[in-house]
Amino acid sequence: MKPRRVAVYDILRYARGASPIEVMLDGYPNYYFLMASPGSSQPKIMLERGINATACVAGPDGSRRPVIAIRSSPWKAGHATNPWHDEFDLDHGHVRYYGDHKPSTDGLPGVTAGNRALLDAWRFHAGTNSDERVLAPPLLLFRSSTVHWGGRSIVKGHVEFCGAALIERLEHVVQRDPVTGRSFPNILLDLAVVDMSESGDTLDLRWVDDRRDASLTAIQANRHAPQAWKRWIREGSAAIPRIRRRVVSSRVKSHEDQLPTKGSADADVLRTLYRFFDGRKHAFEHLASRVTAQLLSRSGATYRDGWLTRVGGDGGMDFVGRLDVGSPGSTTPLVVLGQAKCIAPESSVSPDQVARVVARLRRGWLGVFVTTGTFSKQAQIEVIDDQYPLVLVPGRILVEQVLRLAAADYGADLDALLADVLEGYPAAVTHRRPEEVLLG
């Protein structure tokens with residue numbers, strides 16, 4: 001039997017009293033079928049409230065809450081029963097969610113069952129070690145959905161799955177009821193929706209089954225969790241930027257798209273470059289600076305060579321150049337900082353390595369990262385999503401530019417180009433501040 005799965009943005013039929021054995025209901029996947037644990041006597045996971053916490057189970061290694069199902073009803077926002085507005089930004093993996101304290105509720109925010117469950121869960125989501133985080137109940141997110149049936153809009157009985165999330169931040173706030181003007185306390189949560197791209201943006205519901213199985217330890221109960229969730233358990237809050245769901249454009253290139261076609265002449269050239277510079281990685285910086293000069297010059301701007309930094313010098317900066325942008329007589333000079341990494345073509349540059357270059361950039365500066373390998377998906381996402389002024393040059397583009405250099409200046413003799421790069425490397429090295437390139 002195939003594992004039950006639910007995809008982000010799936011519309012589910014949520015009908016009170018529906019059978020958990022029917023796969024489809026009124027043309028939509030049946031919520032109760034998806035959320036039912038086969039052979040389990042556990043009660044149904046309901047969505048009658050905004051915050052729906054399952055009962056804790058006593059596992060071999062202690063008590064744990066399996067999941068908390070969150071239901072947001074946008075069509076109720078601003079009403080007396082729901083005076084707050086939850087914010088869902090699934091493309092960037094962020095949800096801002098208010099607790100269930102209401103203007104009519106007496107006492108502090110923890111007196112309601114929903115807020116009490118979230119405050120209890122926060123202890124584990126904010127855990128400082130993996131033993132605490134492994135007990136953290138995932139938050140399954142749903143939104144009430146409007147569907148069209150028989151020429152009319154139906155606003156009840158359907159929910160949209162919005163992913164699994166962890167609590168990134170929790171704070172106590174004071175809200176104001178728009179109807180009565182009365183102020184009341186509540187909690188506000190910033191949720192990080194976890195990335196599930198490795199499974200096609202779908203959640204394996206065996207994870208929910210396992211977390212409800214009292215015979216399994218907390219570690220065993222997470223065996224079907226998304227890889228992003230497992231990484232968060234291992235690394236904690238530092239991993240959140242890496243495991244957050246993000247929908248990016250087609251500008252993110254696959255590993256294969258960043259390399260020459262396997263078995264091609266260009267692939268042989270890339271392998272030659274790697275082998276030639278593998279023992280001379282600082283000399284590779286000279287080739288990278290020349291490739292950068294050619295690449296940026298083709299944009300119509302004027303590139304001026306600068307220098308190479310000393311071995312073991314400035315982290316995140318291997319060469320410096322200058323780009324003059326504008327029309328003749330009216331140009332603006334930009335500092336160009338370059339980083340070069342000679343790595344095996346099958347290897348990838350990590351987000352941390354990219355971040356080192358970005359950290360050196362000042363306002364108005366441009367970065368260039370040249371490698372014989374590729375850039376990881378997450379590294380590309382961070383450059384695109386945060387709009388960093390950084391040009392990424394993977395192995396395929398490197399080969400294209402090297403062959404152009406060889407054809408233009410060395411009669412297509414690659415060996416002659418490499419010999420010239422090696423010979424010219426010592427004279428290109430100096431120790432100067434990057435902004436001095438603007439004086440030349």
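Trainee: Why is Arg-169 called partly exposed?
Mentor: Its relative accessible area is 44%. Buried means under 20%, exposed over 50%, and partly exposed in between, with a 1.4 Å probe and protein chains only. A value of 44% lies in between, so Arg-169 is partly exposed. This is a predicted model: local features need pLDDT of at least 70, side-chain atom pairs count only at pLDDT 80 or more, and totals for chains, interfaces and linings use all residues. Residues are numbered from 1 along each chain as its sequence is written, and side-chain values use heavy atoms, with hydrogens and water left out.

Trainee: What makes Asp-190 and Arg-169 a salt bridge?
Mentor: The rule asks for a side-chain nitrogen of Lys or Arg within 4 Å of a carboxyl oxygen of Asp or Glu. Here the closest N and O atoms are 3.4 Å apart, so the pair qualifies. It links distant parts of the chain: Asp-190 sits in strand S15 (residues 183-193), Arg-169 in strand S14, 21 residues apart. Strands (E, at least two residues) and helices (H or I, at least four) are DSSP runs, numbered from the N terminus.

Trainee: Is Asp-190 buried or exposed?
Mentor: Buried, because its relative accessible area is 2%. Asp-190 and Arg-169 also belong to a salt-bridge network with Arg-96, Glu-168 and Arg-244.

Trainee: What makes Glu-346 exposed?
Mentor: Its relative accessible area is 52%, so it passes the cut-off for exposed. Its salt-bridge partner Arg-271 has N and O atoms 3.2 Å away at the closest.

Trainee: How many salt bridges does the rule give?
Mentor: The count comes to 27.

Trainee: Why are S21 and S23 called paired?
Mentor: Two strands pair if DSSP finds at least two bridges between them. Four bridges join strand S21 (residues 366-371) to S23, so they pair. The two run parallel. Val-370 stands opposite Val-393 in S23. Helix H11 (residues 395-409) packs on the sheet, touching S21 and S23. Contact here means heavy atoms within 4.5 Å.

Trainee: In what order do the strands of the open sheet come?
Mentor: Five strands run S17-S18-S19-S21-S23, with mixed pairing. S17 (302-308) and S23 (390-393) are the edge strands, as each pairs on one side only.

Technical notes:
Axes are lines fitted to C-alpha atoms, for helices over the stretch in contact, and angles run from 0 to 180 degrees between N-to-C directions.
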